[in-house]
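Dear colleague,

I am handing over the structure below, and after it I have set out what was found among its side chains. Please read the notes with the coordinates open beside them.

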Amino acid sequence: MPTMLGQNQYGKAENRVVRVTRDGDTHHIKDLNVSVALSGDMDEVHLSGSNANVLPTDTTKNTVFAFAKEHGIDSAEAFGIHLARHFVTSRQPVHRARIRIEEYAWERIPAGGADRGEHSFVRKGQETRTTEVAFDGERWQVISGLAGLVVLNSTDSEFWGFAKDGYTTLKETHDRILATEVNARWRFGWTGGEQDVPDWEESYAAVRGDLLGAFAETYSLSLQQTLFAMGSRVIDNSTGTAAIDEVRLSLPNKHHFLADLAPFGLKNDNEVYLAADRPYGLIEGTVLRDGAEAGIPVTD
């Protein structure tokens, strides 16, 4: 039976690069995990084994580290754009480059004494910042995001009026803990050309703030309702070149069940909970700007 080659790509995955910028005794750190995927005129390497159009994955790794020196790392997005542009414009067989980056944030540890330099750091926060930059020689697509941001509301959440069948044992509640781990990706309307480049650092801080603000301020009747409020606030508050057209959210429901204290003669008035890590409800959804089409993959 005849066969034919379908979509394919190759590259070097998970290149861990740490860039230290020295401003006198004050140092700044960018800590990235960079994955490169290239596609284009690559049929022959699959069909005949010819490597004529194949840039070694080791070369893509070397490029990541060399660019960290040559261009610095102003932001994950800017670094990804430098890399994607290079691979597509320097190698004719490469028609598309996709750069995926995870960024691990660090914050400075205060050190006593005037002669102490500002060069000690501790890993910051729980979440990991992400970005995916794709370039086909004409148009850019930038999808930024974060993963692992754990949040909790100790009240202002209900869950009742849900469908029931013979297997339903969950009781309705009008006051519960709502907790989740926010995993979010957002796609910018920016595609390059004559458009000014967004301020990626400022945009990330704004989106993170909007996600947290919407979670905290939404009186929730369901995690789905909270998801929509979070995505909507991000889109509504993003403007100009940093306008966001699409937000994709994956929110595992980190269940907290009231502990049964009756055997001990104690009343549990929404005070003591059992935190269960699995199984968990998984709420996922996409929020779009009016008129925009979905572009973030539902599964990866």
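To begin with one ring, F188 is buried, with a relative accessible area of 3%, and please keep in mind throughout that this is a predicted model. W200 is buried as well, at a relative accessible area of 5%, so that both values fall under the 20% that marks a residue as buried.

Aromatic pairs

A pair of aromatic rings is described by the distance of the centres and the angle of the planes. Counted in this way, there are six aromatic pairs in the model. One of them is formed by W140 and W190, which are stacked, with 6.3 Å from centre to centre and 25° between the planes. Because W140 belongs to strand β7 (residues 140-153) while W190 sits in the loop between β8 (178-188) and α4 (200-217), this pair ties together parts that are 50 residues apart in sequence. Both of these tryptophans, W140 and W190, are buried.

The rings of F188 and W200, by contrast, have centres 5.0 Å apart and planes at 85°, and the pair is therefore edge-to-face, since an angle over 60 degrees is what that class requires. This pair, too, links distant parts of the chain, with F188 in strand β8 and W200 in helix α4, 12 residues apart. Ring pairs also join F188, W200, W140 and W190 with F135 into a cluster.

Charges over rings

Two rings have a charged side-chain end sitting over them: the charged end of R129 lies over the ring of Y204, 4.4 Å from its centre, and that of K164 lies over the ring of F162, 4.6 Å from its centre.

E132 is found in strand β6 (residues 128-135), and at 14% relative accessibility it counts as buried. The side chain of E132 makes a polar contact with the side chain of R100, at 2.9 Å.

A surface patch

On the surface, W160, Y219 and L221 form a nonpolar patch, and together they have about 310 Å² of accessible area. Of these residues, L221 lies in the loop between α4 and α5 (223-237). Its relative accessibility is 42%, and L221 therefore counts as partly exposed, because that class covers the range between 20% and 50%.

Definitions and conventions: Residues are numbered from 1 along each chain as its sequence is written. This is a predicted model: local features need pLDDT of at least 70, side-chain atom pairs count only at pLDDT 80 or more; totals for chains, interfaces and linings use all residues. Side-chain values use heavy atoms; hydrogens and water are left out. Rings of Phe, Tyr and Trp (its six-membered ring) pair if their centres lie within 6.5 Å; planes under 30 degrees apart count as stacked, over 60 as edge-to-face and the rest as tilted. Helices (H or I, at least four residues) and strands (E, at least two) are DSSP runs, numbered from the N terminus. Buried means under 20% relative accessible area, exposed over 50%, partly exposed in between (1.4 Å probe, protein chains only). A charge sits over a ring if NZ of Lys or CZ of Arg is within 6 Å of the ring centre and within 35 degrees of the ring normal. Patches are made of residues with over 30% relative accessible area and no salt bridge: like charges are joined within 9 Å, nonpolar side chains (Val, Leu, Ile, Met, Phe, Trp, Tyr) within 5 Å. Accessible areas come from the Shrake-Rupley method with a 1.4 Å probe; for residues, only the protein chains shown count as cover. A salt bridge is a side-chain nitrogen of Lys or Arg within 4 Å of a carboxyl oxygen of Asp or Glu. A polar contact is a pair of N or O atoms within 3.5 Å; within protein, one must be able to donate a hydrogen and the other to accept it, and residues adjacent in sequence count only if both atoms are side-chain atoms.
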